[in-house]
Amino acid sequence: MGVACETVKYGLTKEKSFTTDFPACDSSDKAAQFARRFYGEDIEIYESFFIILLASSGKVLGWAKISQGGTAMTVVDSKLVAKFAIDSLARSVICVHNHPGGNLKPSPQDMQLTRKIREGLRLFEVELLDHIILTSDSYHSMRDEYEMDF
């Protein structure tokens, strides 16, 4: 007697949602500027987490929205970060999220998540280049401030 088994096919799709004049995100300033395209007025309303996927040359391969939460937090599944990095064959990743309240300081949870993602990506030889926190008028780069951790 056979057991019915359902299979799922996963594939990589390429969607061009906007053209980019950013051939590379080779600094925190350029990455923050690029990431602002993901947000509108909602940057001050709810927290969202994105990743920027980069080739070994630093050229932007694409980006993905990982999660959207409430006014004070969003839940990030690190497996999704790894999935998009692997599917796109990215050499490196930049994480970006916003703080609607305007505080640029990373929370202990932000730091813990960054370490978790960095360690997970290392298993696949993908480098976490930075984790940027955006507010409506500024940004904070964890790499720039905590260079020894990256």
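**Entry 1: two helices.** I started with helix H2 (residues 78–87) and H3, which pack at an angle of about 40 degrees with their axes 10 Å apart. I kept in mind that this is a predicted model. What should I call such an angle?

**Entry 2: who meets whom.** Next I looked up the residues in this contact. From H2 come Ser78, Val81, Ala82 and Ala85, and they meet Lys116, Ile117 and Leu121 of H3. Sorted by class, the contact of H2 with H3 has five nonpolar residues, one polar and one charged.

**Entry 3: the sheet.** Then I turned to the strands. In what order do the five strands of the open sheet lie? I read E2-E1-E3-E4-E5, with mixed pairing. Strand E2 (60–68) and strand E5 (139–141) are the edges, each pairing on one side only. On average, neighbouring strands in this sheet are turned by 20 degrees against each other, direction ignored.

Entry 4: I picked E1 (residues 48–54) and E2, which run antiparallel and are joined by seven bridges. Leu53, for example, has Gly62 in E2 as its bridge partner.

**Entry 5: helices on the sheet.** H3 (residues 108–122) came back here: this helix packs on the sheet and touches E1, E3 and E4, and its direction makes about 155 degrees with that of E4. Helix H1 (residues 28–35) lies across E1, E2, E3, E4 and E5, running at about 60 degrees to E4.

Methods
Residues numbered from 1 in each chain as written. Predicted model: local features only at pLDDT ≥ 70, side-chain atom pairs only at ≥ 80, totals over all residues. Heavy atoms only, no water. Pairing = 2+ DSSP bridges. Helix = DSSP H or I, 4+ residues; strand = E, 2+ residues; numbered from the N terminus. Axes fitted to C-alpha atoms, helices over the stretch in contact; angles between N-to-C directions. Contact = heavy atoms within 4.5 Å. Nonpolar A, V, L, I, M, F, W, Y, C, P; charged D, E, K, R; others polar.
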